[in-house]
Amino acid sequence: IQDQAMRIEHLCRQTSMLREMTDSRMKVYEQLEVAVNSLEETNTRLVEEAVDDKNRIKMLMENVETMEDRCEELQKCLEWAKDTEEVGQIREEVVDMVVEDEIRKKES
């Protein structure tokens, strides 16, 4: 009987240890599940942010191209204006020379 009592006590301790191990494993599984859910949510958010970032980059690149094109147009306009101003100055010089020649002719 004493042998059986010791065996029962040993089995009770083993059962208790197995319950503790099972409880411990369940807590670990629950923590893992919470961590997995959190990671999935973070991943979803990061994927959405990545799509938004790509769209923003595309829009900014288009803006840069548009601004570069506009800058080229303005540069051409500036060059044209400078050329036009130079032509105007040359015309003024030519007119001045003609007027001076006419004045000299009249004076002589």
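Trainee: Why is Glu9 called partly exposed?

Mentor: Its relative accessible area is 43%. Buried means under 20% relative accessible area and exposed over 50%, with partly exposed in between (1.4 Å probe, protein chains only). Glu9 is therefore partly exposed. This is a predicted model, where local features need pLDDT of at least 70, side-chain atom pairs count only at pLDDT 80 or more, and totals for chains, interfaces and linings use all residues. Residues are numbered from 1 along each chain as its sequence is written, and side-chain values use heavy atoms, with hydrogens and water left out.

Trainee: Where is Glu9 found?

Mentor: Glu9 is found in helix H1. Helices are DSSP runs (H or I, at least four residues), numbered from the N terminus. Helix H1 covers residues 2-107 and also holds Glu62.

Trainee: How far apart are Glu9 and Glu49?

Mentor: They are 40 residues apart in sequence and 59 Å apart in space, C-alpha to C-alpha.

Trainee: Why is Glu62 called partly exposed?

Mentor: Glu62 has a relative accessible area of 42%, so the term is partly exposed.

Trainee: Which residues form a negative surface patch?

Mentor: Glu62, Glu65, Glu68, Asp69 and Glu72 form it. Patches take residues with over 30% relative accessible area and no salt bridge, like charges being joined within 9 Å. A salt bridge is a side-chain nitrogen of Lys or Arg within 4 Å of a carboxyl oxygen of Asp or Glu.

Notes: Patches are made of residues with over 30% relative accessible area and no salt bridge: like charges are joined within 9 Å, nonpolar side chains (Val, Leu, Ile, Met, Phe, Trp, Tyr) within 5 Å. Accessible areas come from the Shrake-Rupley method with a 1.4 Å probe; for residues, only the protein chains shown count as cover. Lys and Arg count as positive and Asp and Glu as negative; His and the chain ends are not counted. The place of a charge is taken as NZ of Lys, CZ of Arg, CG of Asp or CD of Glu. Helices (H or I, at least four residues) and strands (E, at least two) are DSSP runs, numbered from the N terminus.
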